[in-house]
Amino acid sequence: MIELLSEARCTGCNLCVRACPTNVFEAREGDIPVIARADDCQTCFMCELYCPADALYVSPFAERHVEADEQALTKNETLGTYARNMGWKGAKPHGADKDPTFRFRALQRGE
Amino acid sequence: MLVDKGACGTSGATASANTGVWLVPPDAESRTRAIDARHAQSGGLARKELMANVLETTLQQLSRLAEWGFPFPTDDSGLQYRANLRGADYMAFMRAQLRRAKVTILDHSPAQELLLDDGAVVGVRGYRLQQESAYSVHASAVVLASGGVAFLSKTLGCDVNTGDGLLMAVEAGAELSGMEFSAQYGICPAYSSVTKGLPYFWATFTDEAGRVLEGEPNRMLLVARALQDGPVYAVLDKANPEVQRWLRDGQPNCFLPHDRLGVDPFSQRFPVTLRCEGTVRGTGGIRLTHDDGRTRVPGLYAAGDAASREGLTGAASGGGAPNAAWAISSGSWAGHAAALFARAQPQRNDDRALRGAGVVGLSPSGETGRVSARDLIEIARAEVLPLHKNLFRTRERLTASLVQLDSAWRAASAHLHATGRARVRAREATALLATARFAYRSALARDESRGLHRRLDRPELDPQSTHHYATSGLEEVQVRPYHYTSQGASP
């Protein structure tokens, strides 16, 4: 579930508010958005892809809150890893042309 | 106009997936071989003519995607590999195409009921979550592409898939079909949401004591049976270093849970569970009366997971690749047919007497406030998610579940009411109860085991039962057997 919206990193672009399928975030007038409905989070990690500032952290636990430690996540460079591993840049799709998944589709056939 | 319950481009099963697409070269021999192989898995319920049409349309539509500039990878022969789509990129790309075509997109705007005029669907009414305001759209035709139902199981990206479209279709007078083929589950690290099956091709599964689980080629069943006795673990120890690299590069979200917990899934075992994928990877949905996406209600069309895929995959799941091909082809057919239908409709005045088709969760028959949407959702989930009730079915347990579900439905019908944002949750509760009842009534009617529908008390396939089951009705659910008959009108 979503556990962190880093106030230090957030630029207030509100892309997460627009991208979240379950409307977890809420925009605020003249301020950065907040996590308003964490319990509605479906742990799909999409918000991390759409955050250009690497300010969001979705914990892998889908059904319980486990508080995130921003300092530790910053230190071990966890913030933004999903976007980096996908090859996305600045909240924009990149890297689908480098996707090697086709290499094992043949192995799956007949399943 | 496109209204999306979530956000168009990130919402639904595909955006967070990386899906194969059923794509076969156009020569007759390849096509016949592919169709025969799939048909053999369909329990006799698929139709080869439809399968051939899906293959042809999918090939054409993927070529269009390439023409529009989707960045497919290049294989070793230097050609684009188009039989795989990375979901987040694909859905973002499709959103951009909609914008380019000047389609108005309303995000975070769940449709809540269809509008009817003289028996025909003429629009939709819903709620804009971020504007906190109701909306209505008048349209000469509506295509429901609202996805299937995964019963809020937390299977990846599917909490928006609560069967809302199935409920709305039945309220408007449409039928569903194949709802008994709804018991599909995805393997997932026990605590997480990532139900992507691909890595488990290289997995060894063990029980608590470390004994290797064997003797069942279907991994879902292997894990399901063992979970009845205790925890199950997986380790991806069959992946060589090269495959490990491809998995990490190709499926980054599969490794987020492990990396964030400091587990090396290639050498350390991790607990796994099964999450219900309902009709998202199952097969049932809105019954199309024609392959062009029509339902039996004038002006109402359905596509993708919202529509029954029995003609393509029969009683089987199909898995990601046929399901993606179905979304692509049924979507283009339904869009085309709906546009033709709309164009042929006379111009109507907007002051006509429109009737909202929705009832339960909107207009209670009794005193309001005695039931909560949350409680009703939990009742539906408690009957549909457990393996021993849904995956391993018996007449006795299905009947017992229906007692609970019918009782909850009556309570919802009498008392469920909410306004504003809370009404969205109330309609989700209504949709979950309705679709659970459709699934289990169909499962009782199909007195045999076939494909995804497994009845422990009827373990054999009945060679006579080559018909489909259509379901309809809300207060009383009706189930009727039928045989598909071609009504002309190929797409």
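Keep in mind that the model is predicted.

Let's begin with strand β6 of chain B, residues 120-128. Of its 9 residues, 7 are buried, so the strand is largely enclosed by the rest of the structure. Strand β5 (residues 111-117) of chain B pairs with β6(B) in the antiparallel sense over 6 bridges, and here B:Leu115 sits opposite B:Gly123. The two strands form a hairpin with 2 residues between them, and B:Asp118 in that turn has a positive phi of about 55 degrees. β6(B) also pairs with strand β7 (residues 133-138) of chain B, again antiparallel and over 6 bridges. In this pairing B:Gly126 faces B:Tyr135. This hairpin has 4 residues between its strands, with B:Glu132 in the turn at a positive phi of about 50 degrees.

Next come two helices. Helix α11 (residues 373-384) and helix α14 (residues 421-445), both of chain B, pack at about 25 degrees with their axes 9 Å apart. Because angles under 35 degrees count as roughly parallel, α11(B) is described as roughly parallel to α14(B). Their crossing is left-handed. Residues making the contact include B:Leu376 and B:Ile377 of α11(B), and B:Leu432 and B:Leu433 of α14(B). In all, the contact has 10 nonpolar, no polar and 3 charged residues.

Finally, look across to the partner chain. Here 44 residues of chain B are in contact with 34 residues of chain A. Among the elements of chain B supplying at least two residues each are β2 (18-20), α3 (87-100) and α7 (252-261). α7(B) gives the most, with 6 residues. The chain B side comprises 21 nonpolar, 15 polar and 8 charged residues.

Definitions and conventions: Residues numbered from 1 in each chain as written. Chains lettered and ligands numbered in written order. Predicted model: local features only at pLDDT ≥ 70, side-chain atom pairs only at ≥ 80, totals over all residues. Axes fitted to C-alpha atoms, helices over the stretch in contact; angles between N-to-C directions. Parallel < 35°, antiparallel > 145°, perpendicular 65-115°, else oblique. Left-handed = near helix turned anticlockwise from the far one by under 90°. Contact = placed C-beta atoms within 7 Å. Nonpolar A, V, L, I, M, F, W, Y, C, P; charged D, E, K, R; others polar. Buried ≥ 20, exposed ≤ 12 C-beta atoms within 10 Å, placed from the backbone. Pairing = 2+ DSSP bridges.
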